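Thanks, everyone. I have one structure to walk through today. Please bring it up on your screens.

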Amino acid sequence: MDFDTALEHVGEFGRHQTRIYFIVSLISVPLCSQMLIVVFIGAVPEWKCHSPNGDILHCNSSHPRCCDKDGSICPGAEFTTGMSEISSIATEWDLACGNRYKTELTQSIYVFGYMFGVLIFGILSDKYGRRRPWLFAYIVGGILTVMSGFVQTYEEFITLRFAMGLLSGGGGLISYVLSSESIGPSYRGSAGTWQQGFYAFGYVVLTLEAYFIRDWRTLTFFSILPSFVVLFIFKTIPESPRWLASQGKIKEAEHILRKIGKENGSHNNEVIFLKVDSRTEGKTSQHGALDLFTHRSVCPVTGIMMLLWCVNSMGYYGLALNVKNLGGSLYINFVLASLIELPSFAVTQFFLSWLGRRKTLFCFLLGASLSCFLCMFLQSHSGENTAAISMTALAGRFCISASFAVLYVYSAELFPTVVRNAGMGISSLSARVGGMVAPFIVLLGDQNILLPMLVFALTALLAAMAGLKLHETQGRPLPETFEDLDGNHPRKVHVKSNDDP
């Protein structure tokens, strides 16, 4: 039997899959939340400058009396907050005035490392399995995060941020694949959609930690501490049987499937014998990232997915820049920006079951495009209704968050097992490029306030149209090889006529 049929026999989403799904997803939260921890550890509170006249100036910008001509902060500056003392990399290394860009640079460097991480670990886990690279990413990533809380210089900090991003990107990618490859097709879409909710949950937890822990070094330590739980549960996480089967290690895959059936309490006593492909039996995969661009079946999928991921990331982070300008408490704003993603996942799950992957992706991208166009229209009327502008921007964020959830599910189902992690890595690499471009698009608003929303609207519309070129995967078995991709999604259907021999 093929692998998906075997999963139907042992249980598509029983106790075993539930255990692996929640353990792997929850362990990924602490390291992945480091993506946005700079919002808190890099906060620049107000500071006091003492003038020669004896008065005190409260500063939060590059006012001439707050900053010297060389861009440095005023001598004897004292950082303050409205609630309590706060320690951040900005207060410790005077990252204000002309050095304020350095706080944002730490985030760019982290994303830069993340970009390489998803690519490198995608290739490694396709070649050496999911389990060992996954353990390496979370243990070493956790150690480096702890080290970043003890460094004494800004240069040491950004070096570790790059390494943390690399390991976070690789670990997050493998976590998704490891937790989803043993789930049957009936539940794979829902599980993939809701897994994105773990990240939103992680950001909420991070906000609570930051609210009570105002010292950046202590916050860094406690935020990553739960990651080390992986040391105690690693032996309970088996290798992906789907990956084993794709490498020709059939006996090992069958053994794990039988253990899954036993843990799930399956009453099906039929002995599992996986379908053996003589081309892969006893051999390791010789496929790699290059095949994504050279094989005729997967090359179009790769190109479209790169576009989709880039546009989604660009719109997601670009629209997030508008949402954070709500005013009020930083902590409340951050929680709201995280929580708004949760209802989008619930809606996504319904649409995936109702319309399938391709149409759902099209609807959400089209919705994001229309929201941005409407927001641009409201802005063109001198921003008279700020509430309506905010609502349309949030609607765009809602749709982009939902389309991102669809992309994770859709990508994992489109790429064959032999290059699935490499395909997800290339896709995520494209997303990082979009995330780095987003701030520059927002800067276009300095010249014309309508330009950012126009770019987001047009690119989302382009991505929506491009996604229609992909194949529907709902209810179909995951392709194991390139040949399976051809078989599941034939390019052309030839209708035999009476003149044919």
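Let's start with one residue. L468 is in contact with R358 and F362, leaving aside its neighbours within four places in sequence; contact means heavy atoms within 4.5 Å. L468 and F362 sit 106 residues apart in sequence, yet 7.0 Å apart in space, C-alpha to C-alpha. L468 lies in the loop between α19 and α20 (482-488). Buried or exposed, or in between? L468 counts as partly exposed, because its relative accessibility is 34%. The cut-offs: buried is under 20% relative accessible area, exposed is over 50%, and partly exposed is in between, with a 1.4 Å probe and protein chains only.

Some ground rules. This is a predicted model, with local features needing pLDDT of at least 70, side-chain atom pairs counting only at pLDDT 80 or more, and totals for chains, interfaces and linings using all residues. Residues are numbered from 1 along each chain as its sequence is written, and side-chain values use heavy atoms, with hydrogens and water left out.

Now the whole chain. There are 20 helices and three strands. Both are DSSP runs, numbered from the N terminus: helices are H or I, at least four residues, and strands are E, at least two. The chain has 501 residues, and 53% of them are buried. Take the contacts with a separation of 6 or more: 81% of those join residues 24 or more positions apart.

Next, helix α19, residues 451-467. Its 17 residues reach 24 Å from first C-alpha to last, close to the 24 Å expected. That expected span is 1.5 Å times one less than the number of residues. The buried residues of α19 include M453, F456, A463 and G467.

L308 takes us to the core. A nonpolar core is a set of buried Ala, Val, Leu, Ile, Met, Phe, Trp, Tyr and Cys residues joined through side-chain atoms within 4.5 Å. The largest one has 105 residues. Which residues have the most contacts inside it? They are W134, M305 and L308. Helix α17 (residues 386-414) gives the largest share of this core, 13 residues. Apart from it lies another core, of 12 residues, with W243, A245, L257 and I260 among them.

W243 sits in helix α11 (residues 241-246). W243 is buried because its relative accessible area is 4%. Its contacts beyond four places in sequence include Y128, G129, R130, E181 and T417. From W243 to Y128 is 9.6 Å, C-alpha to C-alpha, across 115 residues of sequence.

That brings in α5. α5 has 28 residues and reaches 40 Å from its first C-alpha to its last, close to the 40 Å expected. G129 follows α5, and its phi is positive, near 100°.

How do α5 and α7 pack? Helix α5 (residues 101-128) and helix α7 (residues 154-180) pack at about 40°, with their axes 6 Å apart. Axes are lines fitted to C-alpha atoms over the stretch in contact, and angles run from 0 to 180 degrees between N-to-C directions. By class, this contact has 18 nonpolar, 10 polar and two charged residues. Here Ala, Val, Leu, Ile, Met, Phe, Trp, Tyr, Cys and Pro count as nonpolar, Asp, Glu, Lys and Arg as charged, and the others, Gly among them, as polar.

Last stop, S25, in helix α2 (residues 15-32). S25 counts as buried because its relative accessibility is 1%.
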